[in-house]
Every structure is written in structure tokens, then in C-alpha cells.
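Hello,

Here is the structure I promised to pass on. Please have a look at it first, and then read my notes below.

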Amino acid sequence: MQTSYPLRQQWLGNLRGDLLSGAVVALALIPEAIAFSLIAGVDPKVGLYAAFSIAVITAIAGGRPGMISAATGAMALVMVDLVRDHGLQYLFAASILAGLLQVVAGMFKLGSLMRFVSRSVITGFVNALAILIFLAQMPELLGRGPAVYVVCAAALAIIYLLPRLTRAVPSPLVAIAVLTAVVIGFGIDVRTVGDMGQLPDSLPHFFIPDVPLTWDTLRILLPVSATLAVVGLLESMMTLQIVEDITETPSERNRECVGQGLANTVTGFLGGMAGCAMIGQSVINVTSGGRGRLSCLVAGVLLLVLVVYGSDLVRQIPMAALVAVMIMVSIGTFSWRSLRDLRTHPRSSSAVMLLTVVVTVATHDLAKGVLSGVLLSALFFARKVGHMLDVQREEAGDAQVYRVRGQLFFASAGQLGAAFDYQHVAPKVQIDLRDAHLWDLTAVAALERAQEKLAAHGAQVTVMGLNAASQTLVEQVGGRGGGH
């Protein structure tokens, strides 16, 4: 799908909304980028530099205006073993290679493969992410003392009540600003952004990762980079679909693949870790009024300015206020309607959705959850299509005509073989395939076996009505499919 909006509108069509929402996202990105750095086992500045670089580059080169990309937890988990076993320089090199693989994926238009992901999988993905976002906030709340609960509750009150009075300013931004002022003014002892790690005190600079250029290095990097590329594109394409649904605007999927790849490649040269689209921050952005590319650019640039030049203030932001913003995101992200739909939707669709949720939450791995959902969807689809084959037998004097209607492939091939009466075989048998289509080798083999069994019982077998594609398949595998 191509974006139909002119470039000027993508950048300046929502100036005020993009500036304000970008500011909200920038503040919410800081603790997450630090947390993801800690997950990967690297210095906080690695995640912060990545958040800046990826957000800015995808704002310019990406295919989804309004979507926020930065360092993410899903990508950080992939990097843990690499950093532990080989060091930080290999992480930078893996990020560069992952980005190049994503650029290639975009050039080969692999972004269009999203059409094979069912709505049930997407719903399960969204619900699982909402649950994971909520659970990720618990360590900042549980056991932190009553002051934390009060600050978080006050922030949630502002977030949900302020829009009833005015929508001139995003309520999450107001909540963060007000609670930061209260905590500083009253000297409330709560955990702040500064407690999460040391903020960088300089701008990122370009350098080449210090790794040997050998086949052994490639052997180490390629599996990790390929996983990063797949997980990053998968999460980005899923998030893109969600932003599309919320904003009711189109996206360019293959351009987004290239944009994500360029961002990760450049980020590796700037001392950052690979990242991808962030559903939580993207939802914050669009619900705060962000729609254009400027919102993502502002988020990235403001984040860097804040952590480098305004670190004294940023480090005093209470984590409880940012937790409240993320709780708002998790509540808004979860598809509450899907719970009601469990009673009305087909059981197969509900099973796919629930499996995606369970696997994703249990493993904290988005790729495994989505892959599980896609595989189960494929099994249900194959089973359904496999039952859509119909074989009717007609007697015509000393001949029998078997009229086959439907799709012949691995799931329905057995049904074809069982449709023939091998105990009462006429001298002549016609197999009419005018209303059928052969899709794979299993279908061809099933047809050949049926011909052989009928011939073994003395019948003269004629296959008729093969369409051109089915005939070509039969000829390619050396079958005896007969003529049209």
C-alpha cells in the first residue's frame, strides 16, 4: 500500500500535535532505552544513542509516519549472549549486519508477507504486548513504598481526567511535568530516572566496530544478525499494522523495511544497539496527537538533547510517573473487545489468538509467539480447505465418471484416494478434473496412485480437464496425468 499523502503533509500537516506528542515520547523513551541497555548487558548510553539514531533515521526513511522506532526489549534479549561471549564491539557489528539484511528484505519486497499473518495473530500479538508492558512496570511499583503508589495514582488521575477539561496539551506530558515538580518541590523520596544508570554526557560519534574481518567473525555474527533482522521486521510490521488501524491511514511496508535497515546500520556505526518499532511508544505518540514524521524526529532529537544537556533535570523525573504513562499504554493497547469475541468468533480463531498470547507472554519472545500463531493458523486453514474437496461418481453405461471439484494438495490428497471404489471398477473410468486444481507433489502422487489402482483392476483410465498449471505440475514431476 502506498502512502497517498504529499511529503509536506507528512512533515508539517500536524505541526502542533507532532511537537507535543514527540515531547511526551522523548520523556518516555529515556527510562526504556536505559532498561533495554541493562537487559542486553551494556552501558545505558548504548540504548540512548540507539533511541536517538533509530528514531531520527526512520522518521526520514521509514514508511509509516507517526510510528516510533528505537531500542527495544525484544531486540535486547537477542543480544545478551553475544555481548557476554564476545563483547560490545560485536554487538555494534551485529547491528550493522542486521540492518543490511533488513535493507535487502525491503528491496525484495518481503514486507508484503504480512498479508499471511491473520487478524487473530495480530490481536494476540497486541494483547500479549499489552500484558508484557504492564508486567514490565511491576518492578518499579512493588515493594517501592507508599510514596510510589501515590505518585503513580496521581499521574494516572491526571492522564485520564485532564482530557475531560482540555485536550490542548497531552495529558501524559502534563502528568510527567507536574509530578516531577511535586517530587522535587516536596523532596519526596522515590526512584527517579537518574537511579537507573549514568546518562551520557556527549554526542555520539562515527566509528568502525573493532572486530576482525574474518570468516569466523561472520560465522559468529550472522545467526545473531539474522535473528535481529527477522525479529525487528516482524515487530515493526506488526506495530505498523496497529498504527494503521488507529489512524486509518496507509503505510509503505517495503519502504519501512529499508528504513529500519538503514537505521540499524547507521546506529551500529554510532555506538548504538539494533532496534525496531515500539508498539508502546507508537501508541503513546498517536494517542497524544502525533501523526506525522515530525513526531518521531522530535522524539529522537529531544531525547538526545535532554540526556546530554538537560541531564540534571531528566534524572529527577520520578519513575512512578513514567510507569503511569506505560500503564495507560497497556490499558489502551489491549483489545478488550477480543474477550467478548471469544464467545462469538470461531473456536479456531480464538485458539490462534490465545496461543499467540500465551507463547509470547511465557517466552517474552514476540517472534516465537507470532510464529506459533501463524503455524496454527496455517494448520486450521489447511484442514478447512482440505475438507472442501468433493468427488461425485456417475455411471455411464460401461464407464464410470469421477467428477472432482475443489483444491488438491497435501491436506486433501487422502480424501481423493478414498473416493474411488476399487471393488466395483467399470471397464472404462474417467477422472474429470475440470473443476479441480492440483497444487503440490502430494496431489500428483495421489492422482497417480488412483490411476495405478484402477488400472490394476482392469480399467482403462482417462484423466481429463487438467488446467494448464496442473498439467505443467504433472509433467514436471514425471507423472501420468493424462490429457485435457
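A word on burial before anything else: a residue is called buried under 20% relative accessible area, exposed over 50%, and partly exposed in between, using a 1.4 Å probe and protein chains only. Please keep in mind that this is a predicted model, in which local features need pLDDT of at least 70 and side-chain atom pairs count only at pLDDT 80 or more, while totals for chains, interfaces and linings use all residues. Residues are numbered from 1 along each chain as its sequence is written, and side-chain values use heavy atoms, with hydrogens and water left out.

Let me start with the charged pairs. Side chains of opposite charge can pair when their charged atoms come close. Counting as a salt bridge any side-chain nitrogen of Lys or Arg within 4 Å of a carboxyl oxygen of Asp or Glu, a search of the whole structure turns up 14 salt bridges.

One of them involves Arg403 and Glu394, with 3.0 Å from N to O. Arg403 counts as partly exposed because its relative accessibility is 22%, and Glu394 is likewise partly exposed, at 35%. Both belong to a network of salt bridges that also takes in Asp432 and Arg434.

Another joins Arg393 to Asp421, at 3.1 Å from N to O. This pair links distant parts of the chain, 28 residues apart: Arg393 is in strand E3 (residues 390-396), and Asp421 is in the loop between helix H18 (413-418) and strand E5 (428-438). Helices (H or I, at least four residues) and strands (E, at least two) are DSSP runs, numbered from the N terminus. Arg393 is partly exposed at 40%, and so is Asp421 at 21%.

Asp245 and Arg119 also meet in a salt bridge, at 3.1 Å from N to O. Here 126 residues separate the partners, with Asp245 in helix H9 (residues 215-247) and Arg119 in helix H6 (residues 119-137).

Helix H11 (residues 279-287) is largely enclosed by the rest of the structure, because eight of its nine residues are buried. Among them are Ile279, Val283 and Val286. What covers the buried residues of H11, with contact meaning heavy atoms within 4.5 Å, includes H6, H9, helix H12 (293-309) and helix H14 (319-333). Just after H11, Gly289 has a positive phi of about 105°.

Best wishes
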